[in-house]
Amino acid sequence: MQTYFFDTKLEYLKGVGTQKANLLGLELQLFTFADLLTHYPFRHEDRTKFYNIGEITEDYPYVQLKGKIIEVQLVGSGEKKKRLTAKLQDDTGIVELVWFQGIQWVQPKLKKGYEYIVFGKPQLFGRIFNIAHPEIELFLEHKTPETALSPVYSTTEKLKKRGLDSKGIGILVKNLLEIGYDKIPETLSNEIIAKYKFIPKNEAIKQMHFPQNPKKLHQAVRRLKFEEFFFIQLKLLWQKTVRQHTHQGQILKSTALLTQFYNNHLPFDLTNAQKRVIKEIYKDLCSGKQMNRLLQGDVGSGKTMVAFICMLIAIDNGTQACLMAPTEILAEQHYNGLKEYADKLKITIAKLTGSSKTSERKIIHQMLRQGDLKIIIGTHALIEEDVVFHNLGLCVIDEQHRFGVAQRAALWKKNESKELPPPHVLVMTATPIPRTLAMTLYGDLDVSTIDELPAGRKPIQTMHFYDANRLKVFGFLRKQIQLGRQVYIVYPLIEESEALDYKNLMDGYESIARAFPEYPISIVHGQMKPQDKDFEMQRFVKNETKIMVATTVIEVGVNVPNASVMVIEDAQRFGLSQLHQLRGRVGRGAEQSYCILITNYKLSKEGKIRIDTMVRTSNGFEIADIDLKLRGPGDLDGTQQSGVLDLRLGDIAKDQIILQEARKTAEELLDKDPNLALPENVFIKRHLTSIQQGGKVWSRIS
Ligand code: ADP
Ligand code: MG
């Protein structure tokens, strides 16, 4: 069997051998030539410049020093406490070098009276600067690097002990480039390379590791980032095309039921945005292809009604529809809201959640299988294996970020008859996602956006109060309740400090109960049984209780139009998108609504930006953008499990322009050459195929 050059195991590279190869695999997941080649340095340093010890300040991240070792000492005893220290002196001062590990390996190298080159991160301890685990080399053996930019590779203590510190890894990469440079295959077409004036692939990789100068490095980074985004986009678009070709969709054309509803029962005029997205969806439903569409719209933009109208189309055409929500509370609310309309239209509708009784379930299962039940609303319970449909035509998933891709896929197989095409899928999210992120996360979905709130909504007034002014806030709440309104008070509940957070919640509840003895109060949190939660929620919905004390379980979707104030305690502990979601719980009725953010005086810089942003704007997309910049995409809801954001070089927040170019290029390419069959695209096709086989975008260079 012929192995491809870059699939060669690392043990066969000059300077590696079996032991080091094993260690590289274990510690850094580097197994093949290709892995090493794409183990890019995470930064470059100027190793031609030396600093004077006297000029070091705490602002220096890394420094290179030249000096004499004047003292070497082994301090402390016992494995844990032992450390090796050495004093390094130049004409301007002294620093201390410290090792806690690998002492037996470093100590023999340190000779008093000799000159050394030292590199590391200085930290001030008392009055003397201290460098822990520096790189160190005898001046006599030091070779000035050829270029000013030396690569810095991530490595581990175990590898360092084997001589594979950053420098050691650099040597391996150099060895590899010596034998492999000419073999690195091009992955883009001449056309794309010419259009963006990219440097060739092999040159880009070489410059990425050992740049001749900053400009070359920049060119390398630009090309490799582009390529990373480009192939992710291409893969997503390719999947979409394949799906459209292989998965037929039922044609759902008839709209008689929709018209009946529209003319007789619709309680308000649809916004133009709602009308537009319904048209977009309808077009999909008639297309004969399976729909996979993301419906995004800010909180309160009326996504539920859009979903219901689409469900009516499905039913009108003899199919069934389901709506899946992430929590029981939400499922309950959707059910109650939609049942009213369904009853008027004489459409059968039911609810299925984790707490549905077995007897109930049995009936529901049977009715779904026979096609007697037209609409089913529920939670994850809908995915369970024994839920089978006679003919599921449309599946709506609310608040997508809580569902993974796998769950979406599970819904495709819900029809009893395998002859039937998979249902059309509409995914709704109220977490506005910046366009670029949506492209990457949901690159295989089509996107519709409701960018308009129903008329007559008064913008929510957002205010920031410090802890100390809590009494003022309570006074304000009392006035609102006297006006007939209801109030939410939300406490943070963060996993790491759960016990303490529950205590805060309970303390908070007690102090609120003391402050408002005249009003009934509800409390809802995650440790309550679903039925109890539900009961409390219903009391609040029915306006029996005036204050709802809760954790973020009420974050998503809950709709109580009479609630006009959202108080968020310890607001600095919430992420921006979460704050925005919470705020979206009010402002749903005709009255002026308020969001009050309470924090202590000690706000971090980032905490302050979050609070200020909330006070300044209620535009969900603007907030999402700032959130992305503050947190980086890794923290955004839903990105973790998606895996697509495992980028090696690119940064979704910072590289939006490159990402957009890559997306556009991929689209244009597939427009022109849908099967990537043209000779000029052979490199692209080959690389895409290897990605699809290997799973990882970067693991192979071929
Ligand atoms: P979200 O998009 O956050 O899911 P909902 O679907 O819960 O929003 O709608 C929020 C509220 O707005 C609901 O009470 C709903 O009945 C109402 N609503 C939806 N569309 C309109 C409209 N076109 N005009 C007035 N009110 C609307
Ligand atoms: Mg909703």
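## Salt bridges, cores and a helix pair

Reader: Which residue does Arg276 form a salt bridge with?

Author: Arg276 forms a salt bridge with Glu280, their closest N and O atoms lying 3.6 Å apart, where a salt bridge is a side-chain nitrogen of Lys or Arg within 4 Å of a carboxyl oxygen of Asp or Glu. This is a predicted model, in which local features need pLDDT of at least 70 and side-chain atom pairs count only at pLDDT 80 or more, while totals for chains, interfaces and linings use all residues. Residues are numbered from 1 along each chain as its sequence is written, chains are lettered from A and ligands numbered from 1 in the order in which they are written, and side-chain values use heavy atoms, with hydrogens and water left out.

Reader: How many residues apart are Arg276 and Glu280 in α10?

Author: They are 4 residues apart in helix α10, so about one helical turn separates them; helices (H or I, at least four residues) and strands (E, at least two) are DSSP runs, numbered from the N terminus.

Reader: Is Arg276 buried or partly exposed?

Author: Arg276 counts as partly exposed at 33% relative accessibility, and Glu280 likewise counts as partly exposed, at 25%; buried means under 20% relative accessible area, exposed over 50%, and partly exposed in between (1.4 Å probe, protein chains only).

Reader: Which residues are linked in a network of salt bridges?

Author: The network links Arg276, Glu280, Asp284, Arg293 and Asp451. Within it, the side chains of Arg293 and Asp284 meet in a salt bridge at 2.7 Å, N to O, and here Arg293 is buried at 10% relative accessibility, as is Asp284 at 15%.

Reader: And how many salt bridges in the whole structure?

Author: A search of the whole structure finds 30. One of them joins Glu384 and Arg361 at 3.3 Å, N to O, linking distant parts of the chain, with Glu384 in the loop between β13 and β14 and Arg361 in helix α13 (residues 358-370), 23 residues apart. Glu384 is partly exposed, with a relative accessible area of 36%, whereas Arg361 is buried, with 16%.

Reader: Changing topic: which residues touch the most other members of the largest nonpolar core?

Author: Phe261, Phe308 and Leu394 do, out of 40 residues in that core; a nonpolar core is a set of buried Ala, Val, Leu, Ile, Met, Phe, Trp, Tyr and Cys residues joined through side-chain atoms within 4.5 Å. The largest share of this core, 11 residues, comes from α11.

Reader: What does Phe308 touch?

Author: Leaving aside residues up to four places away in sequence, Phe308 touches Phe261, Leu338, Tyr341, Ala342, Leu345 and Ile375, contact meaning heavy atoms within 4.5 Å. There is also a second, separate core of 31 residues, which includes Tyr40, Phe210, Leu224 and Leu649.

Reader: Now α19 and α20: at what angle do their axes cross?

Author: The axes of α19 (residues 576-583) and α20 (residues 605-616) come within 10 Å and cross at roughly 35°, the axes being lines fitted to C-alpha atoms, for helices over the stretch in contact, with angles running from 0 to 180 degrees between N-to-C directions.

Reader: Which residues meet there?

Author: Leu576, Leu579, His580 and Arg583 in α19 meet Arg610, Thr613 and Met614 in α20.

Reader: Why is α19 largely enclosed by the rest of the structure?

Author: Helix α19 is described as largely enclosed because 7 of its 8 residues are buried, among them Ser577, Gln581 and Leu582.
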